[in-house]
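The sequence and the structure are shown first.

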Amino acid sequence: MGWWGRLFGERREEALPLYNAVVTRGRAEHWYLAGGVPDTVDGRFDMIAAVLAMVLLRLERELAAAALSAHLTERFVDDMDGQLRQMGIGDIVVGKHIGKMMSMLGGRIGAYRDGLASGDLGPALVRNLYRGVAPAPQALAAVAADLIALHDALATAPLDRLVAGDLP
């Protein structure tokens with residue numbers, strides 16, 4: 001691809017299969033049924049952000065994945081921009097909402113990184129996924145176990161499989 005294509009974002013397409021897989025995983029009904037994640041606009045954002053955070057944590061460990069990580073994040077921004085507009089949010093405030101969402105994603109990545117490192121993802125999930133309202137203990141345990149399993153499986157997933165949208 002030439003400089004013109006890079007300038008106008010043709011490489012961003014490489015992240016589409018992975019982004020679609022992240023959204024599909026984040027919308028899986030087990031998060032909302034067994035995991036007690038609120039099946040609301042906010043709950044779906046939070047769940048997609050949780051899955052996306054696990055993928056971005058995997059990508060940050062590999063220098064060759066830096067561009068993919070950036071393109072994946074850009075896909076997230078584009079999707080959230082479109083969702084806000086569909087909900088009737090006007091042009092004037094969309095940017096503020098996107099900025100807030102990006103800040104929320106960054107905070108979640110840090111909180112989940114710390115939770116994974118400490119071996120206790122629960123407090124980060126209560127704060128970020130359940131927005132401070134703890135679910136039933138078994139729901140929290142189910143979501144924590146599934147996200148940890150995803151994180152662990154992603155650690156050994158080849159980059160080319162992720163680019164293809166094949167989440168473990």
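A residue is called buried under 20% relative accessible area, exposed over 50%, and partly exposed in between, with a 1.4 Å probe and protein chains only. The model is a predicted one, in which local features need pLDDT of at least 70 and side-chain atom pairs count only at pLDDT 80 or more, while totals for chains, interfaces and linings use all residues. Residues are numbered from 1 along each chain as its sequence is written, and side-chain values use heavy atoms, with hydrogens and water left out.

**Overall fold**

The chain contains nine helices and zero strands; helices (H or I, at least four residues) and strands (E, at least two) are DSSP runs numbered from the N terminus. Of the 168 residues in the chain, 42% are buried. The accessible surface is about 8,600 Å², and carbon and sulfur atoms account for 58% of it; such areas come from the Shrake-Rupley method with a 1.4 Å probe, and for residues only the protein chains shown count as cover. A contact requires heavy atoms within 4.5 Å. Among contacts between residues at least 6 apart in sequence, 63% join residues at least 24 apart.

In α8, the buried residues are Ala139, Leu140, Val143, Ala144, Leu147, Leu150 and Leu154. Viewed down the axis of α8, the buried residues fall within an arc of 125°, so they line one face of the helix; the arc is that of the directions from the helix axis to the C-beta atoms. Pro137, Gln138 and Thr156, on the other side of α8, are exposed. The packing partners of the buried residues of α8 are α2 (16-26), α3 (29-33), α4 (41-59), α7 (122-128) and α9 (159-163).

In α4, 16 of the 19 residues are buried, so this helix is largely enclosed by the rest of the structure. Phenylalanine 45 belongs to helix α4 and is buried, with a relative accessible area of 9%. Its C-alpha atom is separated by 9.1 Å from that of methionine 101, 56 residues apart along the chain.

**Nonpolar core**

A nonpolar core is a set of buried Ala, Val, Leu, Ile, Met, Phe, Trp, Tyr and Cys residues joined through side-chain atoms within 4.5 Å. The largest such core has 47 residues, of which Leu18, Met47, Leu59, Leu72, Tyr112, Leu125 and Leu147 touch the most other members. At least two residues of this core come from each of α2, α3, α4, α5 (66-86), α6 (91-118), α7, α8 and α9. The largest share, 13 residues, is supplied by α4. Leaving aside neighbours within four places in sequence, tyrosine 112 is in contact with Ala50, Ala53, Met54, Leu57, Leu121, Ala124, Leu125, Asn128 and Leu129.

**Further residues**

Arginine 75 lies in helix α5 and is buried, at a relative accessible area of 15%. Its side chain is joined to that of glutamate 13 by a polar contact of 2.9 Å. A polar contact is a pair of N or O atoms within 3.5 Å; within protein, one must be able to donate a hydrogen and the other to accept it, and residues adjacent in sequence count only if both atoms are side-chain atoms.

Alanine 34 is placed in the loop between α3 and α4 and is partly exposed, at 47% relative accessibility. Leaving aside neighbours within four places in sequence, alanine 34 is in contact with Ala139 and Ala142.
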